[in-house]
Every structure is written in C-alpha cells, then in structure tokens.
Amino acid sequence: MTVNQDTARKTIRLRGQEFVDKVKELIHQGNVRRIVIKNDQGHTVLEIPVTAGVVAAVVAPVVTAIGAIAALANEWSIEVEHHEPPAGAGEQSGEDG
C-alpha cells in the first residue's frame with residue numbers, strides 16, 4: 001500500500017474499554033483518514049474510513065461493533081492514518097510592518 005506524503009501512520013495497542021474509548025476519540029478527530037483494527041495476531045478485523053463531518057447515525061453502529069469485538073481478544077492494535085498538511089503549509093513568510 002502506498003502512503004501519500006501528507007499521510008502519517010501510528011499504531012496504538014489497547015484492550016477493553018480503553019480500546020473502545022480511543023476509537024471513539026479517533027473518529028471524532030478532524031485529521032484522521034482511516035482506522036484499521038487488528039487482533040493480537042496482527043490480522044485486520046475492521047477498517048473504518050473516516051471522513052470529516054461523519055454523522056453520529058453512521059458512527060453509532062461502528063462503535064457498537066467495536067464494543068462487541070473488544071471482548072473477543074486480550075489486546076487490539078489500532079493503526080491510524082492521519083492527514084498531515086504539506087510541509088510549510090500555513091506558515092507565513094515576510095516581515096511585519
């Protein structure tokens with residue numbers, strides 16, 4: 001899989017309610033592109049494409065499914081793809097005055 005230059009990946013390992021809470025938090029962040037949930041053997045169990053402005057009605061079933069799978073293994077990995085602005089974006093150059 002090719003990752004764009006404006007995408008950064010991070011892996012988090014959690015279990016139980018901490019796992020569910022972290023996924024909820026990630027879904028509501030504005031810079032997350034995709035969440036991949038893997039079991040303790042490294043197999044992908046669920047991939048969640050996240051878009052800005054995800055409606056609560058869409059998120060609720062996903063969170064319910066995540067709560068159900070949280071009980072199935074000791075530890076889960078959450079692989080998160082974040083949108084990173086290009087280097088230099090948002091920086092202003094020039095002098096005040």
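How many residues does H1 have, and how far does H1 reach from its first C-alpha to its last? H1 has 13 residues and reaches 19 Å, close to the 18 Å expected at 1.5 Å a residue, the expected span being 1.5 Å times one less than the number of residues. Helices (H or I, at least four residues) and strands (E, at least two) are DSSP runs, numbered from the N terminus.

Two notes on the source. This is a predicted model: local features need pLDDT of at least 70, and side-chain atom pairs count only at pLDDT 80 or more, while totals for chains, interfaces and linings use all residues. Residues are numbered from 1 along each chain as its sequence is written, and side-chain values use heavy atoms, with hydrogens and water left out.

Back to H1. Phe-19, Val-20, Val-23, Leu-26 and Ile-27 are buried, meaning under 20% relative accessible area, with exposed over 50% and partly exposed in between (1.4 Å probe, protein chains only). Seen down the axis of H1, the buried residues fall within an arc of 125°, so they line one face of the helix; the arc is taken from the directions from the helix axis to the C-beta atoms. The face turned away from that buried side carries the exposed residues Glu-18 and His-28.

Next, strand E4, residues 76-83, where Ser-77 sits. At 6% relative accessibility, Ser-77 counts as buried. Its side chain makes a polar contact with the side chain of Arg-13, at 2.5 Å. A polar contact is a pair of N or O atoms within 3.5 Å; within protein, one must be able to donate a hydrogen and the other to accept it, and residues adjacent in sequence count only if both atoms are side-chain atoms.
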